[in-house]
Amino acid sequence: MQNMEKNKVKLGVMGWPIEQSLSPDLHNHWMKASDIKGRYKKLACEPENLKGFIADLKEKKYLGWNVTIPHKTATLSLLDSVDERAKVLGAVNTVKNEDGKLCGYNTDGEGFIQHLNNSATNWRRDKPVLVLGAGGAARAVIMALKDAGVPKIYLCNRTKEKADTIKRDLDISNIDVANWDEKSGIVSEVGLVVNTTSLGMDGCPPLEISLNLADSDVVVYDIVYKPLDTALIKAAKDRGLKTVDGLGMLFHQAVAAFEIWFDRKPDINDGLLDELREQFL
Ligand code: NAP
């Protein structure tokens, strides 16, 4: 019995608070479907206990874990190695324990772009993009857009200095930092509008932007997922624009983490994402 327990894979998501996390629903489903014995748990870790908590997970031979608010940056310096992407972003969302060496990764950008490519196949990669927000999520989104080869990124944030800092930190020359009140005008020049601010999220005011100048092929992507039908998504639908919601980004960053741990992708065509979307709407 003890041996059977020992052979079970241990995974989890570490954050504070953590009760709201959807990740166990995804990973436990995929592990079961892939015949992998083990469990993915919610790991509640207070910020002041981070170092000891990580040492404990290593001691308990966790294969890995996801990292969420508020630990994404602080975890970086507590690992044995960190891949280039996570280093540039200054944030880790996935850790793998490779024979006692803890390696850090960041799959948020991959989640963002995979979901966009899957759900808006014809999005205009040849046109500029408007990114709203300059927090942690914006960094991952911007790097993914750069890798996708978009010609220009207009970056608008309420606090303009933070957008300037992102441009400098990520060292991307084709970022054009614009004022927060210029956003509705910039819509006329872009093929994709991405909200990475927390505006529109439960408990926050809505994002106020006019889509009146949008061409008919503009895609509007809101990475907020609580709720899924934010005011921005509703306004875009009212104008007949293609919309992409935040749940798929969460889903696909988890797919990429699963792949890091198990060297294979889970089956993502079994309707799980649609089921979760039903729960959210
Ligand atoms: P963050 O680092 O705290 O950044 C928050 C951003 O929102 C900043 O740009 C901030 O602007 C802006 N903001 C907040 N209140 C504002 C207001 N009243 N007016 C204008 N701008 C305001 O947060 P984050 O980690 O980047 O997350 C941002 C959102 O993305 C959250 O809703 C989060 O749930 C969501 N998210 C989704 C996924 C997914 O997988 N779908 C992944 C990560 C994050 P200032 O700089 O001016 O404060």
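Residues are numbered from 1 along each chain as its sequence is written, and side-chain values use heavy atoms, with hydrogens and water left out. Because the model is predicted, local features require a pLDDT of at least 70 and side-chain atom pairs count only at pLDDT 80 or more, whereas totals for chains, interfaces and linings use all residues.

Helices H10 (residues 247-262) and H11 pack at an angle of about 140° with their axes 11 Å apart, where axes are lines fitted to C-alpha atoms, for helices over the stretch in contact, and angles run from 0 to 180 degrees between N-to-C directions. That angle makes H10 oblique to H11, given that angles under 35 degrees count as roughly parallel, over 145 as roughly antiparallel, 65 to 115 as roughly perpendicular and the rest as oblique. Leu247, Gly248 and Phe251 of H10 meet Leu272, Leu273, Leu276, Arg277 and Phe280 of H11, contact meaning heavy atoms within 4.5 Å. By class, this contact comprises six nonpolar, one polar and one charged residues; Ala, Val, Leu, Ile, Met, Phe, Trp, Tyr, Cys and Pro count as nonpolar, Asp, Glu, Lys and Arg as charged, and the others, Gly among them, as polar.

Arginine 277 lies in H11 (residues 272-280), helices (H or I, at least four residues) and strands (E, at least two) being DSSP runs numbered from the N terminus. Leaving aside neighbours within four places in sequence, arginine 277 is in contact with His115, Leu228, Asp245, Leu247 and Gly248. The side chains of arginine 277 and aspartate 245 are joined by a polar contact of 3.0 Å, that is, a pair of N or O atoms within 3.5 Å of which, within protein, one must be able to donate a hydrogen and the other to accept it, residues adjacent in sequence counting only if both atoms are side-chain atoms.

Threonine 243, in strand S12 (residues 242-244), counts as buried at 18% relative accessibility, where buried means under 20% relative accessible area, exposed over 50% and partly exposed in between (1.4 Å probe, protein chains only). Not counting residues up to four places away in sequence, threonine 243 touches Val220, Ile233, Ala236 and Lys237.

The peptide bond from isoleucine 69 to proline 70 is cis, with omega near 5°, and proline 70 is placed in the loop between strands S3 (64-67) and S4 (81-82). Aspartate 35, although not a glycine, has a positive phi of about 60° and, at 61% relative accessibility, counts as exposed.
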